[in-house]
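I opened the model today to look up a few things and wrote each one down as I went. The entries follow the order in which I looked.

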Amino acid sequence: ADDWRSGGFDGVLGFSQGALMAALLCARLEERGEAPPKVMLLFNGFLTPLPSNPPLRWWRDLAPSSLRTPTLVVCGSADAGGQAARLAALFATSRVHVVPNGAHAMPREEEDLAAISAFCRAALCGRAALGGGEVGAASAGEAGASPHPCRASLL
């Protein structure tokens, strides 16, 4: 949280357990009324196992759609079933992108990277088309486009 508060970041990215930690950070920032990330990318994350210590009970009790940070949850089709959807359900503005034949790894295919890039551009540039559901590859016009003027720094 101290690194986030120091500024200079637009979003948070987490992989596996790091995705859970990124989601916890975002939830805590929102709960305390502090500025949350403009975008969050969670790769192969999970909602459970739930923290068992009493100080983290608030995490267990979060209602679906209670967090407002635009969030893209990316998971491999062969990764732990259902975990991505449960994590995404906490965020009112979340999308899920499933990497076909993907395992517990960061996506590398152009189609997947284009979907991630399109989500980030939409979130950082204030586009309203971030609603829930699955996100697909960028449209033909976006795929070969020059770099977008929106820039971001991720924690």
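**Entry 1**

I started with Arg-28, which has a relative accessible area of 24% and so counts as partly exposed. I kept in mind that the model is predicted. The partner of Arg-28 in a salt bridge is Glu-31, with the closest N and O atoms 2.2 Å apart. I looked up Glu-31 too: its relative accessible area is 47%, so Glu-31 is partly exposed. Where do Glu-31 and Arg-28 lie? I found both in helix 2, three residues apart, which is about one turn of the helix. My reminder to myself is that side chains of opposite charge can pair when their charged atoms come close.

**Entry 1: a pair across the chain**

Next I took Arg-68 and Glu-30, whose side chains meet in a salt bridge at 3.3 Å, N to O. This pair links distant parts of the chain: Arg-68 is in the loop between helix 3 (57-60) and strand 3, Glu-30 is in helix 2, and 38 residues separate them. Is Glu-30 buried or exposed? Glu-30 has a relative accessibility of 8%; the cut-off for buried is under 20%, so Glu-30 counts as buried. Arg-68 comes out at 51%; exposed means over 50%, so Arg-68 counts as exposed.

I also checked how far Arg-68 is from Val-39. Their C-alpha atoms are separated by 10.0 Å, and the two residues are 29 residues apart along the chain.

How many salt bridges does the structure hold? I noted four. Another one of them joins Asp-10 to Lys-38, with 3.5 Å between the closest N and O atoms. Asp-10 is in the loop between helix 1 (2-5) and strand 1, and Lys-38 is in the loop between helix 2 (17-31) and strand 2 (39-43), so this pair ties together parts that are 28 residues apart in sequence. Asp-10 has 17% relative accessibility and therefore counts as buried. Lys-38, at 48%, counts as partly exposed.

**Entry 2: the overall layout**

I then stepped back to list the elements. The protein has six helices and four strands. Read from the N terminus on, they run α-β-α-β-α-β-α-β-α-α. The protein has 155 residues, and 41% of them count as buried.

**Entry 3: a nonpolar patch**

Leu-13, Phe-15 and Met-106 make a nonpolar surface patch of about 230 Å². Leu-13 belongs to strand 1 (residues 11-15). With a relative accessible area of 36%, Leu-13 is partly exposed.

**Entry 4: cysteines**

How many disulfides are there? The count comes to zero. Cys-26 has 1% relative accessibility and counts as buried. Cys-75 is buried as well, with a relative accessible area of 12%.

**Entry 5: positive phi**

Last, I checked backbone angles. Which residue in the loop between helix 3 and strand 3 did I write down? I wrote down Ser-65. Ser-65 is not a glycine, yet it has a positive phi of about 60°. The relative accessible area of Ser-65 is 44%, so Ser-65 is partly exposed. Asn-101 also went into the notebook: its phi is near 60°, a positive value in a residue other than glycine. Asn-101 is in the loop between strand 4 and helix 5 (110-124). At 75% relative accessibility, Asn-101 counts as exposed.

Notes
Residues are numbered from 1 along each chain as its sequence is written. This is a predicted model: local features need pLDDT of at least 70, side-chain atom pairs count only at pLDDT 80 or more; totals for chains, interfaces and linings use all residues. Side-chain values use heavy atoms; hydrogens and water are left out. A disulfide is a pair of cysteine sulfur atoms within 2.5 Å. Buried means under 20% relative accessible area, exposed over 50%, partly exposed in between (1.4 Å probe, protein chains only). Patches are made of residues with over 30% relative accessible area and no salt bridge: like charges are joined within 9 Å, nonpolar side chains (Val, Leu, Ile, Met, Phe, Trp, Tyr) within 5 Å. Accessible areas come from the Shrake-Rupley method with a 1.4 Å probe; for residues, only the protein chains shown count as cover. Helices (H or I, at least four residues) and strands (E, at least two) are DSSP runs, numbered from the N terminus.
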